[in-house]
Amino acid sequence: MKIGVVDYGMGNLFSVVQALNRLGCEVIVTANQQLLDTTDALILPGVGAFPDARKRLAETKLDCYLKNAQSQHRPLLGICLGMQLLFEKSDEVTPTNGLGFFKGHIKRFSGTNEGRAYRVPHMGWNELVMANRPAWLENSAPAKHVYFVHSFYATNIEKSELVAYADYCGIQVPGIVAKGSVTGMQFHPEKSGELGVYLLEQWLKGVKSC
């Protein structure tokens, strides 16, 4: 299977590529749309600030490419900031529109909940709780915890699009979202041990079955 990792200059691509290689994928890391067209599925990674990432996608015209891919029902997985970019808008740094594949608003953790302070960013291992199991994730997972590191999270999302979440100090943090051919993972599956590998593998099996 050939996977295209969208390289728009904002992401720790090495760990994602290594994880995909270990799962037997041929991986192309590129911003070249013709090369991305030769792949079976796309992964949008991301590390950094939402406005910078959105600007880079626009400058490279990859935002239009991804919208076309979504309209053609090509499998797409957004990871961490890559997942956040799939939503309607973000408050990070300055209000910025996202790609709009999912309904929702990216907001910063406030640092307090019901009068209790908590740490921002949300960093470390947290249990992933299933809400709506998609077709590509039919079997039970071998582990429960995945690795998060983020200060912003998706709010006001469609409940039907929430696959799994983590509870962080009483806040329901969307961990996996899915709609049609588009999936997002807020955590880093490539850094999440047994469960992260399993989730990537199951997503790839879903791609293959399509």
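**View 1. The side chains of E59 and R56 form a salt bridge, at 3.1 Å from N to O.** A salt bridge here is a side-chain nitrogen of Lys or Arg within 4 Å of a carboxyl oxygen of Asp or Glu. The model is predicted: local features need pLDDT of at least 70, side-chain atom pairs count only at pLDDT 80 or more, and totals for chains, interfaces and linings use all residues. Residues are numbered from 1 along each chain as its sequence is written, and side-chain values use heavy atoms, leaving out hydrogens and water. Both partners sit in helix 3 (residues 50-59), 3 residues apart, or about one turn of the helix. Helices (H or I, at least four residues) and strands (E, at least two) are DSSP runs, numbered from the N terminus. E59 is partly exposed at 46% relative accessibility; R56 is partly exposed at 31%. Buried means under 20% relative accessible area, exposed over 50%, partly exposed in between (1.4 Å probe, protein chains only).

**View 2. R74 pairs with D37 in a salt bridge, 3.7 Å from N to O.** This pair links distant parts of the chain, 37 residues apart. R74 lies in the loop between helix 4 (62-71) and strand 4 (76-79), and D37 in the loop between helix 2 (33-36) and strand 3 (41-44). R74 is buried, at 12% relative accessibility.

**View 3. E161 and K179 meet in a salt bridge, 3.9 Å from N to O.** E161 is in the loop between strand 13 (152-155) and strand 14 (162-168); K179 is in strand 15 (residues 171-179). E161 is buried at 9% relative accessible area, while K179 is partly exposed at 42%.

**View 4. Helix 6 (residues 193-209) has 17 residues.** Its buried residues include L195, Y198, W203 and V207.

Terms used
The expected span of a helix is 1.5 Å times one less than its number of residues.
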